[in-house]
Amino acid sequence: MALGNAKGWVAGRDANLWTGLFLMIFSGAVISEAIQLEIGTPKSPGSGFMIFGAAGVLGLLALHQSIKSLHFQGREVKQASEEIRWKRVVSVILANILYILLLQPVGYLLNTFLLMGFLFQIHKKGRWVSAVGGAALTSFLSYLVFSRMLQLHLPRGLIPFF
Amino acid sequence: MMTWSDILYGFQFATLPINLLLCFLGVLLGTLVGVLPGIGPAGAMALLLPISLKITPLGTVIMLAGIYYGSMYGGSTTSILVSIPGEPASVMTCVDGHQMALQGRAGPALGISAFGSFFAGTFSIIALMILAGPLAKAALKFGPPEFFSLVLMGLTLVTYLSQKSAAKAFMSALIGMLLSWVGLDLINGTTRFTFGMIELNDGIGVIPLVMGLFGISEVFLELEKDERVELIKTKIKNLLPTREDWRQSTWPILRGSALGFFLGIIPGGGGIIANFMSYIMEKRLSKHPERFGKGEIAGVAGPESANNAAAGGAFIPLLSLGIPMNATVALLFAALLIHGVRPGPLLISEHPEIFWGIVASMYIGNVMLLVLNLPLIGVWVKVLKIPYRIIFPLILLFCIIGSYAINLSTLDLKLMFGFGILGYLMRKFDFDPAPLCLAFILGPLMEVSMRQALLLSQGSFSIFFIRPISAFCLGIAALLLLTNLIPFMKQRRKKLEEIQIKE
C-alpha cells in the first residue's frame, strides 16, 4: 500500500499507481458532471465545455501515470517510520477538525484556548503549565486584536459577554 | 515613456506615513518569514490578505510586495548560519555561504548577500519602470485569443520548469483550473459543482486555498520532523566585505541580477530557478570552479542577487499584462482583485498612483531591508533560536482567523483545512502545489477568453493560429510539450530495440 502503511512511507511505484487511479476516477466524475452541465459546440460553447476538456486531459495523464507505474522497474523509496511523526500530524488534523465543528457552539475564545493548549504541548508532552499559559495569552491577545481592535465578529458561543 | 515626474508622483504616495509604515511592516515580516524555515512568503501573504481589507489597495500591495522581496533577503541568513534554506529560493546559498560561516567568515557572507540583494533589487526596479509601460501598451492590442494563448503558454512553462515531474505538474495545474470553475459560470450564469451550497456560488475563495496549500500543509510537513536547528557557534563580525571580496563578487552580482530579472519575467521562473541557474553559471565561468562548495564568495553573491532580481522581474507581467507568473505573485494579483483593482494593461493609465507607488515603495523597501539585514543581524540570529513548537500554533491561529475573517463562514475554514490536507498529500506524492495555485488564479481568465474567442470566430479554432501573438504563444507551448516528450520517446525506442535484440 502506498498510504497508511504503518511501517513507513512508500513514494514510488505504488504511490503513482494509486494516485493515477484516483485521478482517473476523479476525472471520470468531473466529465459526467460536465456532460450534465452541457458541453455545447465550438460555435456555442456551454458551461461544461472547458471542464470537459480539462478533465479529459487530466484523465489521460492519470492513465499514462498508472500505466507507467505498472512498467516501473526501479527501486522504491522508503522512508523509515521513526523519521516521520505520523501521530503528531494526524492528531493536529483531528484537533483542527474538532475546532471547526465546535467554533460556533463553544465560541472563539474558549475554543481557541483549548486548541492552543493542545498544540503548545504536542512537541513536548507534560509541559502543561507553560502550554496553558501560552494558550491563555494567545487566545486572549488574538481576541483583543481581531475582535476589539479590528472589529471582527468572532463567534461568542458559551461566553456571551465576550 | 517613463519620466522623472512619474517617479516623483509615485514617491508622493509611497512616502505617506501609513504607506511607509506598511512598507516597513512588509519588509520586516518578509525578513522574518525568510529567516524562519517552514513558512514561506506565500503563506505569510495569505495570512495578511484578510487584514488588508482594512487598508487601501496601494497600502496592501506595498505591504505584500515587501513580504515577497523581503523574504529573499531573510532566506540567506538561515542558509548561511544554519545551512537550511529559510526560503527555497536561497537553497544554493547554503552551499558556499555555510562553508564561509564555518571558516569564520559569516560576516562577509551575510554582507555580500545583503549588498548583492540590494543591487539586484534596485536593478530590477529600474528595469520594471522602463519595461512595464511599453509592454502594457502592447498588451492593449490583446484580445481573447491572445489572452488564452498567453495563459496557456504560462501554465505550460510553469509545468515545464517545475522541480517535480512535468506530467504531475500539468495534472496539478488541471486540478487548479477545475477548482477555479466552481461557482457561477461567468458567461451564462449556470452554477457548477456547488452541491447546493449557496456559499459556493461565488466560487472557492483564493485565501482558503492559498492558506491551506502553502500555510497549513507546510505546518503538517514540519510537524513530521523533530526540531533540530543547529546554529554555528562563531561570532558574526566584519559584515562589510573587503576589497578582495568585492573584486570577486562584482561580476557575479551583475550577472546574477540580469539572469534573475530575466527568469523572473518568464512564467514559473521565480527565485528558486534563478538561484540555481546563477550558481551553475558562476561555477562554469569561474577560473577556480574547484573552490565552489568550499566557501567561494561568488557562490553567495551571484545566487543571492539572482533571487532578488527575480522577485522584481515577476512584477512586470503582473502589472503590465495582468498575469501573475508564480504562485506568490498570484497572491498580489488576488489582493488587488479583492480591492476592485484589476492588474493589467490599463493599470498604469487608470491607477497610476498604484503602479508608481509600488515602484517607489520598492526603492524605499530595499533601503529598509539593507538596514534591517546588516546592523540588525543579531536580532535575526535570536529569531532563529525560537523553537518551532511555539511558532506553528501561531501560524495555525493566524490561518484560522485569516480564513474566517473574509466571509465569517466556517465553510472557508473547512475548505482551508481541506486544501491543507490536499497540499500535504500532494507534496507526499511528489505533486507540486504551485501550478495548482497559479492555474486556480488564471483559470477563469482562460475559460472566458477561450469561449469568447470561439464565439468571435463562430466556432473556428483557427482564430488561435492566425493571430501572430496567439500563434507565437501556442508555438512556444507546443515546443515545450514536445521537449517534455522527447526523453520519453527516446526511452521507449530504446526499450523496443532491447526487446527486438532479445527476440
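**Confidence and contacts**

Author: Within chain B, helix α3 (residues 41-48) of chain B has the lowest confidence, with a mean of 77, while helix α21 (residues 463-466) of chain B has the highest, at 93. Here pLDDT is the predictor's confidence in each residue, from 0 to 100, and helices (H or I, at least four residues) and strands (E, at least two) are DSSP runs numbered from the N terminus. This is a predicted model, in which local features need pLDDT of at least 70, side-chain atom pairs count only at pLDDT 80 or more, and totals for chains, interfaces and linings use all residues. Residues are numbered from 1 along each chain as its sequence is written, and chains are lettered from A and ligands numbered from 1 in the order in which they are written.

Reader: What pLDDT does chain B average?

Author: Where pLDDT is low, the predicted coordinates should not be read in detail. Chain B averages 85, and 95% of its residues score at least 70. The model has an ipTM of 0.87 and a pTM of 0.79.

Reader: How many residues of chain B are in contact with chain A?

Author: Two residues are in contact if their C-beta atoms, placed from the backbone, lie within 7 Å. By that criterion, 41 residues of chain B meet 46 residues of chain A. On the chain B side, α8 (166-180), α9 (206-223), α18 (388-407), α19 (410-428) and α20 (433-456) each supply at least two residues. That side comprises 25 nonpolar (Ala, Val, Leu, Ile, Met, Phe, Trp, Tyr, Cys and Pro), 5 polar (the others, Gly among them) and 11 charged (Asp, Glu, Lys and Arg) residues.

Reader: How do the axes of helix α3 (residues 86-106) of chain A and α19(B) cross?

Author: Axes are lines fitted to C-alpha atoms, for helices over the stretch in contact, and angles run from 0 to 180 degrees between N-to-C directions. The two axes come within 10 Å and cross at roughly 170°. The helices α3(A) and α19(B) are therefore roughly antiparallel (over 145 degrees). Residues making the contact include A:Ile93, A:Ile97 and A:Ile100 of α3(A), and B:Leu413, B:Phe417 and B:Ile421 of α19(B).

Reader: Which residues of α2(A) are buried?

Author: A residue is buried if 20 or more other C-beta atoms lie within 10 Å of its own, exposed if 12 or fewer, and partly exposed in between. In α2(A), the buried residues include A:Phe49, A:Leu58 and A:Gln65. Their cover includes α1 (13-37) of chain A together with α8 and α20 of chain B.

Technical notes:
Angles under 35 degrees count as roughly parallel, over 145 as roughly antiparallel, 65 to 115 as roughly perpendicular and the rest as oblique.
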